[in-house]
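Hello,

Here is the structure I promised to pass on. My notes follow below it.

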Amino acid sequence: MGLFTPVKKHANKFRYIPRYYDPEKERREQRRRELHGTSSEQDGAEYQPGQYIRTQREARRVAKSSNDGGRKMPSMIFLMLFAVLIIIVYMLYPRIVDAFTSARTIPEERARQEIEEFNPYAPITIVPNDYKEE
C-alpha cells in the first residue's frame, strides 16, 4: 500500500508502447473507408452535416443500379398479383356467368323453372283427405 509522499524520485512519464502494425489491416480499413465514402482525400476535410448519410445513399444507389436485384422485386410482385387475380377470377367466374344467364332469361321462363325444380325449403301445401272409410 503506497502512502502519499511529497517528494518523488522521478517525474511521471508517458509510456507509449507501440502496437503491432498490420499493413493488411490498414488496407482493409482504407478500403472500408473508401466504400463508405470517407476516402483518404476527405480525411483532412471538415465535416459537413449529413455528409455520411449522403455518401451512404449514393453508395446504395450505385449498388442498386449495378446489379439486377432492383429489377427482380417488381417483377416478382407483378407475378404474385397476377396469380392472385387468376385465382379470384377462377373462383368468381361461375357466379358471374350464372348472373348473366339468369338476367338473360325471361321472367315467365324463370318462374316455370322454379316450379319444376324441387325446393326443400318451399312451403308444403296440405290437401285434406276426403276419402271416407266404410
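Phe78 and Phe82 sit four residues apart, about one turn, in helix H3 (residues 69-104); helices here are DSSP runs of H or I with at least four residues, strands are runs of E with at least two, and both are numbered from the N terminus. In general, an α-helix has 3.6 residues a turn, so residues three or four places apart point the same way.

Before the rest, some notes on the source: this is a predicted model, in which local features need pLDDT of at least 70 and side-chain atom pairs count only at pLDDT 80 or more, while totals for chains, interfaces and linings use all residues. Residues are numbered from 1 along each chain as its sequence is written, and side-chain values use heavy atoms, with hydrogens and water left out.

The structure holds one aromatic pair (ring centres of Phe, Tyr or Trp, the last by its six-membered ring, within 6.5 Å; planes under 30 degrees apart are stacked, over 60 edge-to-face, the rest tilted). The ring centres of Phe78 and Phe82 are 6.4 Å apart and the planes lie at 20 degrees, so the pair is stacked. Phe78 counts as exposed at 56% relative accessibility, and Phe82 is partly exposed at 45% (buried is under 20%, exposed over 50%, partly exposed in between, with a 1.4 Å probe and protein chains only).

As for the whole protein chain, there are four helices and zero strands, in the order α-α-α-α. Of its 134 residues, 4% are buried.

Best wishes
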